[in-house]
Amino acid sequence: MMTAPESFDPSSTELEKGVSLLEASAGTGKTYTLARIFLRLIAEEGVAINKILTVTFTTAATEELRDRIRTLLVETYQSLLTEPVMDEDSVLQRLRNPSGQRVTKEDCIRRLRLAIACFDEAMISTIHGFCNRLLVENSFETQTLFESQLNPTPNEMIAEAVREYWRDKFSGGDPLLNCAASSQMVNPDGMVDFINTLPKTQDFEFGFLGNEEVSSVEELLVSHYRELKNSWIDGKAAYIEYVTNCLGKNARIKKNCTQYVRMFDQIFRDNQLTVTGVKLLGDVCSTKLRPLKDFQNEPIPEFCQQAD
């Protein structure tokens with residue numbers, strides 16, 4: 001038969017030796033509880049402040065935890081020197097009237113005074129900060145270089161992972177893949193910025209929609225590109241005629257027809273693929289064309305249909 005988990009009260013639960021696991025959701029008072037466990041270990045159990053290891057995940061959380069612990073130690077020390085007040089913290093009440101004969105209020109005051117004086121020796125840090133400290137202090141035992149250190153910034157690790165993914169999947173592929181990605185502002189820096197906006201409590205993978213392999217996407221893209229190239233070579237004249245006669249005078253591809261034709265010749269006839277040229281394909285898609293009223297029934301050039 002399953003039993004409900006016991007709630008943890010930092011003022012009354014005995015601090016027994018061994019391993020204890022406390023489960024808590026966000027905003028339930030983890031820092032509050034942890035600071036009071038720290039306080040009881042110092043004042044009640046007589047543990048030296050440099051013998052308590054307290055670690056958390058981020059630098060910001062570490063600074064907050066360090067400040068909360070020090071503030072609690074100072075406030076508790078000052079309160080024990082004065083008369084009790086109403087609604088006093090339950091842990092403070094416990095230290096003011098310790099049970100049993102193993103510790104007195106005077107013992108708590110003495111231990112707190114020493115802990116505050118030696119607070120700089122407290123090991124309160126991030127997990128990677130503590131690991132780095134161990135490596136530095138035990139270089140001979142761990143056979144590491146004296147100047148070695150763990151990467152303190154997750155952003156740098158994310159950037160390295162993105163660059164490695166990009167080299168593996170994009171750099172060695174068809175130039176068309178890079179041009180297509182760049183034309184949509186997809187690049188390593190943009191991927192890093194996007195990943196940094198994602199929730200840190202979940203796992204994510206690089207990839208395409210539907211878990212398609214990059215090679216499959218590349219193959220499909222190249223296939224469409226070949227069809228588009230053939231439609232330009234075979235239908236260039238039809239495209240120029242349609243743009244010149246069927247579109248309004250303010251249409252950009254009509255006003256810049258010469259430049260567009262030159263760019264598409266460079267891409268498809270001379271095989272000089274550029275990001276600018278790929279971007280221009282978006283202007284000539286059949287869905288973007290707005291023919292004049294008298295020419296709305298004119299067949300749209302095959303090249304424009306392929307561009308879609």
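Is Arg36 buried or exposed? At 10% relative accessibility, Arg36 counts as buried, where buried means under 20% relative accessible area, exposed over 50%, and partly exposed in between (1.4 Å probe, protein chains only). The model is predicted, so local features need pLDDT of at least 70 and side-chain atom pairs count only at pLDDT 80 or more, while totals for chains, interfaces and linings use all residues. Residues are numbered from 1 along each chain as its sequence is written, and side-chain values use heavy atoms, with hydrogens and water left out.

Once neighbours within four places in sequence are set aside, Arg36 is in contact with Pro10, Leu72, Asp89 and Val91, contact meaning heavy atoms within 4.5 Å. Arg36 also lies over the face of Tyr32, at 3.6 Å from the ring centre. A charge sits over a ring if NZ of Lys or CZ of Arg is within 6 Å of the ring centre and within 35 degrees of the ring normal. Another such case is Arg70, whose charged end sits over the ring of Phe119, 6.0 Å from its centre.

Salt bridges come next. A search of the whole structure finds 11 of them, each defined as a side-chain nitrogen of Lys or Arg within 4 Å of a carboxyl oxygen of Asp or Glu. One joins the side chains of Asp89 and Arg36, at 3.0 Å from N to O. This pair links distant parts of the chain, with Asp89 in the loop between helix 2 and helix 3 and Arg36 in helix 1, 53 residues apart. Asp89 counts as partly exposed, at 25% relative accessibility.

Glu44 and Arg40 meet in a salt bridge of 3.1 Å, N to O, and both Glu44 and Arg40 are buried. In the salt bridge between Lys236 and Asp265, the N to O distance is 2.7 Å. Lys236 lies in helix 10 (residues 214–246) and Asp265 in helix 12, so this pair ties together parts that are 29 residues apart in sequence. Lys236 is partly exposed at 21% relative accessibility, whereas Asp265, at 16%, counts as buried. Salt bridges that share partners also join Glu14, Arg40, Glu44 and Arg94 into one network.

A pair of aromatic rings is described by the distance of the centres and the angle of the planes. The search finds 10 aromatic pairs in the whole structure. Rings of Phe, Tyr and Trp (its six-membered ring) pair if their centres lie within 6.5 Å; planes under 30 degrees apart count as stacked, over 60 as edge-to-face and the rest as tilted. Trp232 and Tyr239 form an edge-to-face pair, with 5.5 Å from centre to centre and 65° between the planes. Trp232 is buried at 0% relative accessibility, and Tyr239 is buried with a relative accessible area of 0%.

For Phe268 and Phe303, the ring centres are 5.9 Å apart and the planes stand at 80°, so this pair is edge-to-face. Phe268 belongs to helix 12 (residues 257–268) and Phe303 to helix 14 (residues 302–307), and the pair links distant parts of the chain, 35 residues apart. Phe268 is buried at 1% relative accessibility, and Phe303 is buried at 1%. Tyr225, Trp232, Tyr239, Tyr260, Phe264, Phe268 and Phe303 form one aromatic cluster.

Leu53, Val55, Phe57 and Ile127 form a nonpolar patch with about 380 Å² of accessible area together. Within it, Phe57 is found in the loop between strand 1 (53–56) and helix 2 (59–80), and is exposed with a relative accessible area of 66%. Patches are made of residues with over 30% relative accessible area and no salt bridge, like charges being joined within 9 Å and nonpolar side chains (Val, Leu, Ile, Met, Phe, Trp, Tyr) within 5 Å; accessible areas come from the Shrake-Rupley method with a 1.4 Å probe, and for residues only the protein chains shown count as cover.

Asp87, in the loop between helix 2 and helix 3 (90–96), has a positive phi near 55° in a residue other than glycine. Asn271, in the loop between helix 12 and helix 13 (275–280), has a positive phi of about 55° although it is not a glycine. Asp87 is exposed with a relative accessible area of 77%, and Asn271 is exposed with 51%.

Notes: Helices (H or I, at least four residues) and strands (E, at least two) are DSSP runs, numbered from the N terminus.
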